[in-house]
Amino acid sequence: MTIYSFVLFLHVVSAIGLFVALAAEGAIIFRIRSAQSIEATQFLIRAFKRLRFVAIPSLLGVLAGGLYLASKWGRGSFWIPLALGATLLIMLSGGLVTGTRIARLGKALARTEIDASSEALSAMTKDTALLLSYGLRAGLGLGIVFLMTAKPGLLGSLGALAAGCAAGLFAAARMRRASTRIATAGCLWRQRRRLKAEPKTRLKEAQS
């Protein structure tokens, strides 16, 4: 096995790991936005934090492998520096936007006096920045895969990354609408259960 084939293997495996982490993150963020209890949200936050054991090595593998391959065979190719720049943007957006907000949400949930229905908690779980960051990173990842396979020129590379970002943000908007509908339906269901349970509770109190 040559150094090139070994580095290419690690590069591809890292890319697969990155998309696995992105898919899991999307599912977790969707569930956080529609969660109906503090316990469920805390569980999802813990699951999100474990993703770093996959996402960080995958990102570093993609970046390191890309830098090596670019230094050896990437001269005169516009798509390689753009793909590396997009990878750095994925890292920055994930750390500065998503990571910061998830950490803030985790600290808020650790406070014993917080109410599950409080406006502050609801605003944090439904933070639009989480979806925008996720959509941007997923779209950039899709664009990077296209650059790796098609190897277009400058305009084609820029267009592919822009199209990927647009697709990712569109998917994020759909996730926002779907999670809002589920959260609303869950709140209505809980209110109906509470209203049905109130007469039975009053009857028990009257009998006692």
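This is a predicted model: local features need pLDDT of at least 70, side-chain atom pairs count only at pLDDT 80 or more; totals for chains, interfaces and linings use all residues.

Trainee: At what angle do the axes of α1 and α6 cross?

Mentor: They cross at roughly 155 degrees and come within 11 Å. Angles over 145 degrees count as roughly antiparallel. So α1 and α6 are roughly antiparallel to each other.

Trainee: Which residues of α1 meet α6?

Mentor: On the α1 side, they are His11, Phe19, Leu22, Ala23, Glu25, Gly26, Ile29 and Arg33. Their partners in α6 are Leu130, Leu131, Tyr134, Arg137, Ala138, Gly141, Leu142, Val145 and Met148. By class, this contact has 11 nonpolar, 3 polar and 3 charged residues.

Trainee: Next pair. How do α1 and α2 cross?

Mentor: Helix α2 spans residues 38–50. Its axis and that of α1 come within 10 Å, and the crossing is at roughly 160 degrees. The cut-off for roughly antiparallel is over 145 degrees, so α1 is roughly antiparallel to α2. This crossing is left-handed.

Trainee: Which residues make the contact of α1 with α2?

Mentor: From α1 come Glu25, Ile28, Arg31 and Ile32. From α2 come Thr41, Leu44, Ile45, Ala47 and Phe48. The classes are 6 nonpolar, 1 polar and 2 charged. Look again at Glu25: this residue is in the α1 contact with α6 and in the α1 contact with α2.

Trainee: What about α4 and α6: how far apart are their axes?

Mentor: The axes are 9 Å apart, and the packing angle is about 160 degrees. Helix α4 covers residues 79–109. That angle makes α4 roughly antiparallel to α6. The crossing is left-handed. Its contact residues divide into 15 nonpolar, 6 polar and 2 charged.

Trainee: Now the cavity. How many cavities of 30 Å³ or more does the structure hold?

Mentor: There is 1. The largest cavity holds about 60 Å³ of space.

Trainee: Which residues line the largest cavity?

Mentor: Ala15, Leu18, Phe19, Val62, Gly141, Ile144, Val145 and Met148. Sort them by class and you get 7 nonpolar, 1 polar and no charged.

Trainee: Which helices supply at least two residues each of that lining?

Mentor: α1, residues 3–34, and α6, residues 128–150. The largest share, 4 residues, comes from α6. Now link this to the first pair. Phe19, Gly141, Val145 and Met148 are among the cavity lining, and these residues also belong to the contact of α1 with α6.

Definitions and conventions:
Residues are numbered from 1 along each chain as its sequence is written. Side-chain values use heavy atoms; hydrogens and water are left out. On a 1 Å grid over the protein atoms alone, a cavity is a set of points where a 1.4 Å probe fits but cannot get out, and a pocket is an open set with protein on both sides within 12 Å along at least five of seven lines; lining residues have an atom within 4 Å of a point. Grid points are joined across faces, edges and corners, and a volume is the space filled by probe spheres set on the points. Ala, Val, Leu, Ile, Met, Phe, Trp, Tyr, Cys and Pro count as nonpolar, Asp, Glu, Lys and Arg as charged, and the others, Gly among them, as polar. Axes are lines fitted to C-alpha atoms, for helices over the stretch in contact, and angles run from 0 to 180 degrees between N-to-C directions. Angles under 35 degrees count as roughly parallel, over 145 as roughly antiparallel, 65 to 115 as roughly perpendicular and the rest as oblique. A crossing is left-handed if the near helix is turned anticlockwise from the far one by less than a right angle, and right-handed if clockwise. Contact means heavy atoms within 4.5 Å.
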